[in-house]
Amino acid sequence: MAAADTPLLMLNAPLVASRLGYPDLSGLDLLELFAFIYPARFMVPTPKGLARALGLSEPGSDDGVPALLQQAAGALLAICASEDWQERSGAWSVLQSLTRLRWPWAQICAQQIARPEKAEKWVFGVLPEWEEAPDRPQPANVLIEEGDIAAQLERLTGSGAEKREGQRFYAIEAGRIFAPKETRSQPHLVLAQAGTGIGKTLGYLAPASLWAGAASGTVWVSTFTKNLQRQLREESRRAWPEKRADGTPPVVVRKGRENYLCLLNLEDALQGGFGGRAAILAQLVARWAAYSRDGDLVGGDLPGWLGTLFAKRGIAALTDQRGECVYAGCPHYRKCFIERAARASAQADLVIANHALVMINAARSGFGGSRDQAQRPTRIIFDEGHHVFDAADSTFSATLSGQEAIELRRWIIGPEKKARGRRRGLAARLADVASYDEAGGKAVEDAVRGAQALPSDGWLQRLNEGEPSGPLEALLAGVRAVAYSRDESGGQDAGYGIETEAAALDGNFVQLAGQAQAALAAIRHPLVTLGARLEAVIESAPDWLDAQGRARIEGARHSLSWRIDLLAAWEALLDRLGGPADPEFVDWLAVDRSDAREFDVAIHRRWLDPMKPFARTVLEPAHGVMLTSATLTDRGASGEDWDAAIARSGAPYIELTPHVAAAPSPFDYAQQAEVLIVTDITRGDIPALAGAYARLIEAAEGGVLGLFTAIRRMRAVHGRIADRLARGGLPLFAQHVDPIDTGTLVDIFRDDPRATLLGTDALRDGVDVPGESLRCVVLEQVPWPRPTILHRARRAAAAMHGGGSASAYDDRLIRAKLAQAFGRLIRSKEDRGHFLVLSAAFPSRLLSAFPPGTPVIRVTLEEALQRVGNTVSQVVDVSHDSSVIP
């Protein structure tokens, strides 16, 4: 009540409100003030992190935090009055807007920030314009010698660094992909397993930097997690300068459009598109944009915690998530962060991207002009290569859902009723073309008329009420009815999503699919016609068509092309319903739910093996590709299974035999780690599970990463132990509970050796926390695969064609997850720790997931507590322990 009645100094108001159980807490949040004064500057959002960022003494305990918050506020305000404030430009202007929005800090800051002598430019006047550059010539054919790779590796690691033979071997193996291509459609393909601690990042950057310099070519390094992208960006500075002599960057980070700030969306937000607290967020983001390196809102230099201080989707609304971009028709096109990154990557030596973007770029550059070809990756290193299969599975899929369809409707028709924002339909965007070109105008009218058949606002409620409107809503109602009637998973009562195979469908459903397919065709055909008419207008440009109009038409053509492809994929999906099943695909119907609340209805199509399109799209046109990971192969009873790794690389589809290599970890797992299988926690007993977690965290005095296979169980455990641990001075944080993004949660966990972090799959790999902050990993149970329709189909295919059993397929997946989770524990030669699985019946056939030599012991919870409670530096003698599993 006191916090609600009186504006207080606090750090991270949403987190404080969450801990107090108060829904909306406002006050003087120091994180907001820090973001205003130091835009684009990193800070761990904790009292200790704040103290370090400002050069203040860290509080020794919670008792010292209130005084620190006062000191920090004084220090931040003093910076505003200082002549040395590097981020002063633009602050006064933004502050005036924040004052009108009644930002709590505005009146206080106004006393410290003087009005500048010259009027400050708006953010859009400060941002630099990108410049066009000629296409880069194709790379030269060069040979990189092994001795040169070893010498480059030594330069990158430093003269005083420890020489690691494993890293040298790995770097030379990575260099194979840069040899000149010998046979068309047969790239140099290397599968390289690098044990934790090998130093694989510098291992592959050594030959990559040599080749890029000698051949004047571009190397793409692809990751699955944003954390590794940040790490790669830092490591690349050893090989390349920040800027070349001509001012261009040799290293560029590329992400999907939805990661970058859209300047048109920002302008709309600043001019009234956002209201309330979201409007304050827009002003702080505008302040950040003027200082950002690349405009990356997700994982870039925008503090990850900033968006969580405000509206739930505030940051997302500032990106181009809906595919609304008008490209060259945008008034900010020449300053666009996305376009700048795309052009810079075409001239870069190293492009750091993610798996999905690499695959999409490879697919889209298969047709089009020279710029498309310039963006085609031809030398690619897939780090976190064990995730390439999952990325391909998502990239090459097709989904016809209510949410996707309504977004298409909005793009074609534009705002309906009282919709706010800058969204405009086709007719508004191309009004001048429609008035000039009769055929083009009619195509727009036909597309708008056809789009009326797509779902509209309130479609889910109409489905629930049994009153669908139009052929697409009627089909989705049929999908929903079939899914509920056939479901035997128990998910209905539990509140989970439900699904069923798209097989043995009755005549009425097939008829609904046919009507929906015809409706989609009635949209696609005029869009195809419109694309042709736009091309004709460009070729025979009328006098009134100025540069801006031409740019707008070019942007519309680009947007049309991929929406036409989307409609064609939906039509193909519906065309096969009711007919014979295609053995290469898996189709199913689904109702997506969360806590029993429906949020989408969909028809899904996935490749049975997504590595087939990956091989044709990515591998075949490339010259050199490497897939690398610490867990690339499965380690079964007979050792490393390279056959499965090769099959999951896509190589067999282009009749290619890859080169395989393995560099084992240099760590002494027998001395550094211990695996404990806790046998007396009954599966499904939440009180016992929560009690075990609490006692283990207390015994370890924090430094615990708790991994769960279900969000519900994690929340249940968190709710039972949070207060107990807090009273013991052991901070507890959790995904899906605390209002903090995952990246920031990991930063907080890494920063405090007494903290504990609970999470799900997102924390199983890609999290690098060396040192004292991570001393114990606890899995709540064996990570069994979810029994989905897609999993069942692939399991059966593996048993039929892979020469093994269906259970062997499951075991490979489980061992991979266990190996990835174990990989979080030991990150350096100094690390020590325990890996625990709370499972009464842990199958022995899964134990090979752990590195050879790692002690694995079945124990009771009491015995586990005793072992965890021992100092990590003590070496446990297990040589005569009868419970040790060989």
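Select threonine 744: leaving aside neighbours within four places in sequence, it is in contact with Pro45, Gly304 and Trp305, where contact means heavy atoms within 4.5 Å. This is a predicted model, in which local features need pLDDT of at least 70 and side-chain atom pairs count only at pLDDT 80 or more, while totals for chains, interfaces and linings use all residues. Residues are numbered from 1 along each chain as its sequence is written, and side-chain values use heavy atoms, with hydrogens and water left out.

Threonine 744 sits in helix H33 (residues 742-751); helices here are DSSP runs of H or I with at least four residues, numbered from the N terminus. Threonine 744 has a relative accessible area of 3% and is therefore buried, the term for values under 20% (1.4 Å probe, protein chains only).

Next, select residues 47-54 and 65-81, helices H4 and H5. Their axes come within 10 Å and cross at roughly 35 degrees; axes are lines fitted to C-alpha atoms over the stretch in contact, and angles run from 0 to 180 degrees between N-to-C directions. From H4, Pro47, Leu50, Ala51 and Leu54 meet Val65, Leu68, Leu69, Ala72, Ala75, Leu76 and Ile79 of H5. The residues of this contact comprise 11 nonpolar, no polar and no charged, with Ala, Val, Leu, Ile, Met, Phe, Trp, Tyr, Cys and Pro counted as nonpolar, Asp, Glu, Lys and Arg as charged, and the others, Gly among them, as polar.

Move to helix H6, residues 91-100, and pick out its buried residues: Ala91, Trp92, Val94, Leu95, Ser97 and Leu98. Their cover includes helix H3 (30-37), helix H7 (106-110) and H14. After H6 comes arginine 102, with a positive phi near 60 degrees.

Now select phenylalanine 36. Not counting residues up to four places away in sequence, phenylalanine 36 touches Trp85, Ala91, Val94, Leu95, Leu98, Trp103, Ile113, Leu284 and Arg287. In the largest nonpolar core, of 64 residues, Leu30, Phe36, Trp103 and Leu261 touch the most other members. Such a core is a set of buried Ala, Val, Leu, Ile, Met, Phe, Trp, Tyr and Cys residues joined through side-chain atoms within 4.5 Å. Another core lies apart from it, with 52 residues, including Leu408, Trp411, Leu505 and Leu545.

Finish at helix H15, residues 337-347: 9 of its 11 residues are buried, so H15 is largely enclosed by the rest of the structure. Among those buried are Phe337, Glu339 and Arg343.

Methods. Buried < 20%, exposed > 50% of the residue type's maximum accessible area, 1.4 Å probe, protein only. Helix = DSSP H or I, 4+ residues; strand = E, 2+ residues; numbered from the N terminus.
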